[in-house]
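Me: I would like to look closely at one residue here and then see what surrounds the rest of the chain. Please keep it plain.

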Amino acid sequence: MKINLIELFEETVKRYPQKVAVIDKDREITFSALHQQSLRLASRLISMGIAQNKPVGVFLDKSIESVYANLGILYAGDFYMNLDIKTPAERIRNIIQLVEPAAIISTTRQIKPIEGIIPSTTQVILLDEADETADVDATAILRRLSTIIDTDPSCIINTSGSTGTPKGVVLNHKSFFDFIEWAIDTFHFGDDLVMGSLSPIVFDIYSFELCMLMAKASTLVVLPAHLAAFPAKILEVLEQHKVNFLFWVPTIMVNIANMDLLSAFKLESLKTVWFAGEVFPTKQYNYWHHHLPQTTFANLYGPIEITLDCTYYIINKEIPDEEPLPIGYPCRNTDILVLDDEDRLVKEANVEGELCVRGTSLAMGYYNNPEKTAAAFVQNPLNKAYPEVIYRTGDIVCYSEEGLIMFKGRKDNIVKHQGYRTDLGEIEHVIINTLKLVKNGCIVYNQAEKQITLFYEAEEEVPVTEFRLSIGKVLPKYMIPTAYHRLEQLQRNANGKIDRLFYKKQVNS
């Protein structure tokens with residue numbers, strides 16, 4: 001019986017010490033060397049007096065260093081919180097103030113943008129100033145690991161929040177065990193997996209890849225973030241390293257299809273492709289399917305609050321371009337409840353309801369945020385007999401005539417954009433309350449064009465460059481609106497509030 005994820009890694013290192021664990025451009029590291037670097041960092045964390053079960057931030061680009069930083073934190077009996085080095089310092093400040101990490105791991109070069117916002121209570125660990133000859137205190141590490149239990153946190157993943165401060169979703173060891181065991185059993189993954197890792201380290205997809213590295217000696221091939229603008233270069237790397245597994249957000253796959261790149265790159269080693277995070281247009285999916293008939297494709301669905309994903313659909317039939325891809329069936333050990341507005345269970349085909357989830361996969365809640373936790377993680381309304389928590393996703397679904405779950409849209413103001421879960425209310429909050437760029441505004445999402453659109457009230461038009469420069473100092477690039485419309489007065493509903501539905505229909509008609 002495994003209790004913490006590091007136990008998986010320990011077995012892998014014993015079996016495959018000289019196998020390559022991570023390929024990072026022109027560098028690579030074996031499992032044995034990765035093990036030593038991780039232990040050395042764990043010893044450093046413990047010697048600095050960082051207590052067990054504390055959050056430790058990682059401010060690094062995706063690299064060999066970020067991998068052993070995460071593993072080192074787990075070895076120390078703590079849990080990692082990866083931070084996006086491209087995120088504006090103000091947003092990082094909000095995250096740090098909320099989570100209060102015991103330490104932040106970075107390098108001399110990468111720490112510079114946030115040096116001035118790190119509180120004195122948070123220690124800074126610079127990897128390039130580490131003593132490579134330092135001894136590993138194996139006794140202290142083993143003492144820590146012996147007291148970790150499977151419901152202890154393994155990581156925090158930050159997601160968009162309506163108040164301008166991201167919510168820190170806390171995931172534990174047990175929920176990752178649950179998902180990776182399902183993945184291995186369902187897709188028959190062996191010890192030969194070579195993963196083309198494109199997602200940023202702040203994504204839950206990356207955390208899954210890290211788990212597969214630990215559990216199945218999978219090799220992680222780092223695909224640098226800047227290559228997203230050069231899809232052909234990505235495909236070159238996949239062929240060079242004989243990548244056989246991808247878990248990607250559909251955005252880049254749509255671009256590859258639209259550029260007809262699979263006519264030039266055959267990807268003969270590619271056995272399995274998962275995609276999740278947003279809707280994959282069926283036309284572009286069919287392009288991939290027809291060019292890679294040897295590959296198994298699976299559509300996965302699940303918000304961050306459910307460790308990785310809770311439903312899946314292995315696509316084993318032809319689906320016309322104009323029909324949506326199903327999100328399928330529940331993963332093993334996960335139960336899906338589709339509830340109507342009266343919290344009654346929906347079972348009939350084509351009747352819409354909110355997708356709710358119960359099971360081991362649920363997150364522990366939001367870090368230092370009991371109010372938000374209580375609102376989303378609630379008592380199962382179908383069970384009055386004993387305490388049982390479900391997560392209300394806010395996603396609207398229905399069952400098809402075949403019994404497949406079909407995604408229909410959002411109940412609230414949250415969208416998936418470029419793979420990131422984005423709260424449109426947070427963007428509004430920043431534009432109106434934080435930056436005071438306009439007095440009134442309404443953010444809606446153009447699903448067809450994948451555009452965040454701002455309608456705003458102003459006597460004169462605000463230059464787009466002013467919007468983009470100002471917002472870009474507070475929010476990450478993916479949250480900056482791409483379309484702007486000035487109005488003398490925004491449409492109001494009967495309650496006198498801005499009629500969001502009116503503008504949502506305008507951009508999606």
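Does Ser-38 count as buried or exposed, and what is its relative accessibility? Please go on from there to the strands, the cavities and the pockets.

Reply: Ser-38 counts as buried because its relative accessibility is 0% (buried is under 20% relative accessible area, exposed over 50%, partly exposed in between, with a 1.4 Å probe and protein chains only). This is a predicted model, in which local features need pLDDT of at least 70 and side-chain atom pairs count only at pLDDT 80 or more, while totals for chains, interfaces and linings use all residues. Residues are numbered from 1 along each chain as its sequence is written, and side-chain values use heavy atoms, with hydrogens and water left out.

Ser-38 belongs to helix α2, residues 31-47 (helices are DSSP runs of H or I with at least four residues, strands are runs of E with at least two, and both are numbered from the N terminus). Leaving aside residues up to four places away in sequence, Ser-38 touches Tyr-68, Leu-71, Gly-72 and Tyr-75 (contact means heavy atoms within 4.5 Å).

Next come the strands. Strand β5 covers residues 103-106, with Ala-103 and Ile-105 pointing one way and Ile-104 and Ser-106 the other, and all of these are buried. In a regular strand, side chains alternate between the two faces of the sheet. Strand β3, residues 55-58, runs parallel to β5 and is joined to it by three bridges (two strands pair if DSSP finds at least two bridges between them). Within this pair, Val-56 stands opposite Ala-103. β5 also pairs in the parallel sense with strand β6, residues 123-126, over four bridges. There, Ala-103 stands opposite Gln-123.

An open sheet is formed by nine strands, in the order β2-β1-β10-β9-β11-β12-β13-β14-β15, and its pairing is mixed. Its edge strands are β2 (27-30) and β15 (329-330), each of which pairs on one side only. Inside the sheet, β13 (residues 296-301) and β14 (residues 311-314) run antiparallel and are joined by four bridges. Leu-300 stands opposite Tyr-312 of β14.

Empty space is next. Rolling a probe the size of a water molecule over the atoms shows where such space is left. On a 1 Å grid over the protein atoms alone, a cavity is a set of points where a 1.4 Å probe fits but cannot get out, a pocket is an open set with protein on both sides within 12 Å along at least five of seven lines, and lining residues have an atom within 4 Å of a point. Points are joined across faces, edges and corners, and a volume is the space filled by probe spheres set on them.

There are four cavities of 30 Å³ or more. The largest cavity holds about 400 Å³. It is lined by 31 residues, and those closest to its centre are Asn-158, Val-202, Phe-203, Ile-304 and Tyr-420. At least two lining residues come from each of α4 (89-99), β7 (153-159), α7 (204-216) and β23 (420-423). By class, this lining has 17 nonpolar, eight polar and six charged residues (Ala, Val, Leu, Ile, Met, Phe, Trp, Tyr, Cys and Pro count as nonpolar, Asp, Glu, Lys and Arg as charged, and the others, Gly among them, as polar).

The second largest cavity holds about 50 Å³. Its lining includes Ser-175, Asp-178, Trp-182 and Arg-332. Helix α6, residues 173-187, gives the most to this lining, with four residues.

The largest pocket has a volume of about 1500 Å³. Of its 46 lining residues, Pro-200, Ala-225, Ala-228, Gln-418 and Tyr-420 are the closest to its centre. α9 (250-258) and α13 (464-472) each supply at least two lining residues, and α9 gives the most, with five.

The second largest pocket has a volume of about 1100 Å³. Among the 40 residues lining it, the closest to its centre are Val-279, Phe-407, Gly-409, Arg-410 and Gln-447.

Gln-418 has one further feature: its phi is near 55 degrees, a positive value in a residue other than glycine. Most residues other than glycine have a negative phi. Gln-418 sits in the loop between β22 and β23, and its relative accessible area of 42% makes it partly exposed. Ala-217 also has a positive phi, about 55 degrees, although it is not a glycine. Ala-217 lies in the loop between α7 and β10 (219-222), and it counts as buried because its relative accessibility is 0%.
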